[in-house]
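Please examine the sequence and the three-dimensional structure shown here before reading the report.

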Amino acid sequence: MTESMHWRKSSYSGGGDGDTCVEIAESDTHISIRDSKAPARGTLSVPAPAFAAFVEGIKRHSRG
């Protein structure tokens with residue numbers, strides 16, 4: 001399943017190879033998340049609305 005998904009890294013990936021980050025893949029209903037350093041180890045899949053709320057929470061927190 002994960003091989004056919006389109007994975008992308010965060011634009012906030014660290015320097016070097018940018019391999020210290022997470023990757024996400026989107027479907028119609030879920031967001032899948034995996035460790036970019038160990039992509040074969042497994043994924044976490046959450047409903048898209050829950051992931052959107054998570055991201056918005058991070059944005060609000062980072063604004064202070």
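## Basis of the model

This is a predicted model, in which local features need pLDDT of at least 70 and side-chain atom pairs count only at pLDDT 80 or more, while totals for chains, interfaces and linings use all residues. Residues are numbered from 1 along each chain as its sequence is written, and side-chain values use heavy atoms, with hydrogens and water left out.

## The sheet

Helices (H or I, at least four residues) and strands (E, at least two) are DSSP runs, numbered from the N terminus. Two strands pair if DSSP finds at least two bridges between them. An open sheet is built from 4 strands in the order 1-2-3-4, with antiparallel pairing. Strand 1 (8-9) and strand 4 (44-47) stand at the edges with a single partner strand each, so one side of each has no neighbour in the sheet.

Strand 2 and strand 3 run antiparallel and are joined by 5 bridges; they form a hairpin with 3 residues between them. Strand 3 also pairs with strand 4 in the antiparallel sense, over 4 bridges. Across this second pairing, isoleucine 31 stands opposite valine 46, and histidine 30 stands opposite proline 47.

## The nonpolar core

The largest nonpolar core has 5 residues: Ile24, Ile31, Ile33, Val46 and Phe51. Such a core is a set of buried Ala, Val, Leu, Ile, Met, Phe, Trp, Tyr and Cys residues joined through side-chain atoms within 4.5 Å. Buried means under 20% relative accessible area, exposed over 50%, and partly exposed in between (1.4 Å probe, protein chains only). Phenylalanine 51 is buried because its relative accessible area is 17%.

## A buried arginine

Arginine 34 lies in strand 3 (residues 30-35) and is buried, since its relative accessible area is 14%. Glutamate 23 stands opposite arginine 34, and a polar contact of 2.6 Å joins their side chains. A polar contact is a pair of N or O atoms within 3.5 Å; within protein, one must be able to donate a hydrogen and the other to accept it, and residues adjacent in sequence count only if both atoms are side-chain atoms.
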